[in-house]
Amino acid sequence: MAKHLFLEGPIQSGKSTLIKNCLQEFGVTLGGFSCKRYLDENGSIRAFGLVSPTDFDVDGVYDPQIHGDPDNGIPSKDPGIFLIKGSAGMKADTDAFIRAGIRLLDEPKHADLILMDEIGGVELMSDEFHEKLYEILAGDIPCIGVLKQQTHAKVMQKHHGGEPGPEKADGIIRANEQLRKDIVGKYGGIIVPFDRDSIEDARQTVMQFLKEKASV
């Protein structure tokens, strides 16, 4: 029996939706976090923020006065905003994982499952959050979520990677590689490939995982 389960696959292929739909069939108490998209009036993604598992099923409406506007020097008033788009592209704020991420991971003292939707990207550049993430993976509560593909990690590294210098030139990529090794080798988890052609196989794997955890 796997301790943790993470799906990995192409962006916007339905990974999070599948997990959320499967979770609705079980009366489990969730802890952890999800990444919420905030869309402007044209339906374009303008920001991403950390939210609780109970607030992950609907896209939010982007408000520059709340979520921030880098083009006009408006800071975010939402502590969970970790990516925001301006004219120069996406800008990362890894402190959001300290402000909001650690709090969300600390809350579920008696949760049945911890949702991590998703991990493997810019959050790994926050030492404090990275430490908390590994603490949760080593803990007693099973985790379910989404793991960024290495190709996506490479894109994130290019646009908002770590500090300059050869020691951090590929920080997100290396951290992503180490995380996937540790999930399987150190913490007893499985990483399930997912794409639109394997939805049913992935759904059955997720459902079996949830049945096992619900019966413990």
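A residue is counted as buried when its relative accessible area is under 20%. In the predicted model described here, glycine 49 has a relative accessible area of 0% and is therefore buried. This glycine belongs to strand 3, which spans residues 45-51. Burial extends along the strand, since six of the seven residues of strand 3 are buried and the strand is mostly covered.

The surroundings of glycine 49 are drawn from other parts of the sequence. When residues up to four places away in sequence are left aside, glycine 49 touches Ser34, Cys35, Lys36 and Tyr38, together with Gly80, Ile81 and Phe82. Isoleucine 81 is also the bridge partner of glycine 49 in strand 5. Phenylalanine 33 lies 16 residues from glycine 49 in sequence, and the two C-alpha atoms are separated by 9.9 Å in space.

Strand 2 and strand 3 run antiparallel and are joined by six bridges. Within this pairing, alanine 47 of strand 3 is the bridge partner of tyrosine 38. The two strands form a hairpin with five residues between them, and in this hairpin glycine 43 adopts a positive phi near 85°. Strand 3 also pairs with strand 5, which comprises residues 81-86; this pairing is likewise antiparallel and has three bridges.

Strand 2 additionally takes part in the packing of helix 1. In helix 1, formed by residues 15-23, the buried residues are Lys15, Leu18, Ile19, Lys20, Cys22 and Leu23. These buried residues pack against several elements, namely strand 1 (4-8), strand 2 (30-39), strand 7 (113-119), strand 8 (143-147) and helix 7 (199-214).

A further contact is found between two helices. The axes of helix 3 (residues 96-106) and helix 4 (residues 127-138) come within 9 Å of each other and cross at roughly 15°. Angles under 35 degrees count as roughly parallel, and helix 3 and helix 4 are therefore roughly parallel to each other. Their crossing is left-handed. On the side of helix 3, the contact is made by Phe97, Ile98, Gly101, Ile102, Leu105 and Asp106, while helix 4 contributes Glu128, Phe129, Lys132, Leu133 and Ile136. Classified by residue type, this contact of helix 3 with helix 4 contains seven nonpolar residues, one polar residue and three charged residues.

Conventions:
Residues numbered from 1 in each chain as written. Predicted model: local features only at pLDDT ≥ 70, side-chain atom pairs only at ≥ 80, totals over all residues. Heavy atoms only, no water. Axes fitted to C-alpha atoms, helices over the stretch in contact; angles between N-to-C directions. Helix = DSSP H or I, 4+ residues; strand = E, 2+ residues; numbered from the N terminus. Parallel < 35°, antiparallel > 145°, perpendicular 65-115°, else oblique. Left-handed = near helix turned anticlockwise from the far one by under 90°. Contact = heavy atoms within 4.5 Å. Nonpolar A, V, L, I, M, F, W, Y, C, P; charged D, E, K, R; others polar. Buried < 20%, exposed > 50% of the residue type's maximum accessible area, 1.4 Å probe, protein only. Pairing = 2+ DSSP bridges.
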